[in-house]
Amino acid sequence: MNSFLRRLLRTVALAGAGVVLSLGATWVLFPFQSSFTIDFGADPPSGVASGFHAIEHTDEGLTFAWTRGAFGLSLPGLDRRTSWRVTVRAAAARPDGSQPDIVGGADGGVPARAVLPAGGFTEFQVLIPARPDGDAGARVSFVVSPTFVPGAADRRELGAQIDWIRVEPDGRWPRTASRRTAIILGAVAGGLAGGLALTTSVALSLVVFAALAVGLVSTHGLGPYAGLPLKPALLGAAIAAAIAIVALPRRHPGARVAVVITFAGAAIQLLLLSHPDMPLGDAIFQAHRFQDVLAGRYLFTSIAPGGYEFPYPIGLYITSAPFAQFTRSALENAALLRLVVVVANAGAAALLYRLVLRWHDDEIGAVGAVAAYHLLPVGFLVIATGNLTNAFAQAVAGFALVSAANLTSSRRRGPLVLLTGLAAAAFLSHTSTFAVL
């Protein structure tokens, strides 16, 4: 058997191991995370919850949402091989002390009815019965009657005040519908490790880690029920891995390990960012700025905490503009900006391998630097809160730093021009770069 065929078979075997490990991770982890609660600390995804007004809070810190006359949950990924309980903590909260009826029911279930007390919250339960055919998905509907209108200044039709809604299995070991995402990412990670000829022990260790991480994310909260998009994570991780393949010396075993770490790190971050439980934060603000740039407006100012205005750099928006043809809304623009930032961030992390290797000739330390960059939470938290221009600028500054480190051993103009361009791009992406680069 020639070397190419052996390598191909090994790659297929590791891809298969990725499938098995990812499937096993979701199968084992999901039952421990299958219960979820919508606590109205933020507006729930519109694809899951309908019939709710915007969230409110009391002076004591209680968050809640008023319903309309009818409200409900749509759970397309719910495993119907087992039964489920839906518990709603609701209050009438009527100024006149009246007690409305609440009726709830699920597909194929017996409707439940209760009277909401005049004061305080009460828990109301609806059972989602198991289906003999085991098909996934359920719709739970509630009706509150009569409704009321608070007054002339507030013409909303209000039903009940909801503190939280909890969904939990009431029977056999449930399975998650999001396992497809985990399986595909696990297969690609395993295939990539095999294609790069990593040793079996290292390849399996990386695939196990990736399977557990992706399994934890894909089975958490509303992810298995509202849907967890695969394409952004797979596309962004593939681009980040391609950057690492081009930028790193693949003759070194550590560089090939860094490529797989780059793929896994970018995939996990993008899964987290596209998770329905992840709030948009300032990403929607960034999307609106991006739309202004696409419309031809390039000069902005922003107000600093001290109350003064400063120029707002647009490097991220210019970089993302060629890909705007694939988006159709502000939400999709926010997702695009997040993807670009994660890819740039992962590329900067991969280049740390070169930086450490250049100055210390320590291959294990170089791989550790790449892994640490992904594992330290502060960088991801900046992206998650929506400060995307800042995160993008720091990623480009990382490219500039590696360029500067390699410039010391070169007398050619090319690296100097590259360093100048990268530094300028970093400065034109966020003003904080002047303080840190």
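User: Where is Leu-8 found?
Analyst: Leu-8 sits in helix 1, which covers residues 3-33. Helices here are DSSP runs of H or I with at least four residues, strands are E runs of at least two, and both are numbered from the N terminus. The model is predicted, so local features need pLDDT of at least 70 and side-chain atom pairs 80 or more, while totals for chains, interfaces and linings use all residues. Residues are numbered from 1 along each chain as its sequence is written, and side-chain values use heavy atoms, leaving out hydrogens and water.

User: OK, how does Leu-8 count by relative accessibility?
Analyst: Leu-8 counts as partly exposed because its relative accessibility is 41%. Buried is under 20%, exposed is over 50%, and partly exposed is in between (1.4 Å probe, protein chains only).

User: Which strand pairs with strand 5 over 7 bridges?
Analyst: That's strand 8 (residues 122-128), in the antiparallel sense. Pairing takes at least two DSSP bridges between the strands. Arg-85 has Leu-127 of strand 8 as its bridge partner.

User: And how many bridges join strand 5 to strand 10?
Analyst: There are 8, and strand 5 and strand 10 (residues 161-169) run antiparallel. Val-86 stands opposite Val-167 of strand 10.

User: New topic: how many aromatic pairs are there?
Analyst: The count is 11 aromatic pairs. Take Phe-52 and Phe-71: their ring centres are 5.3 Å apart and their planes meet at 65°, so this pair is edge-to-face. Phe-52 belongs to strand 2 (residues 49-52) and Phe-71 to strand 4 (residues 63-75), so the pair ties together parts 19 residues apart in sequence. The rule for Phe, Tyr and Trp (its six-membered ring) is centres within 6.5 Å, with planes under 30 degrees apart stacked, over 60 edge-to-face and the rest tilted.

User: Is Phe-71 buried or exposed?
Analyst: Phe-71 is buried, at 3% relative accessibility. Another edge-to-face pair is Trp-66 with Phe-148, since their ring centres are 5.6 Å apart and their planes lie at 75°. This pair links distant parts of the chain, 82 residues apart: Trp-66 is in strand 4, and Phe-148 is in the loop between strand 9 (138-145) and strand 10.

User: Which residues do ring pairs link into a cluster?
Analyst: Phe-40, Phe-52, Phe-71, Phe-124 and Phe-142.
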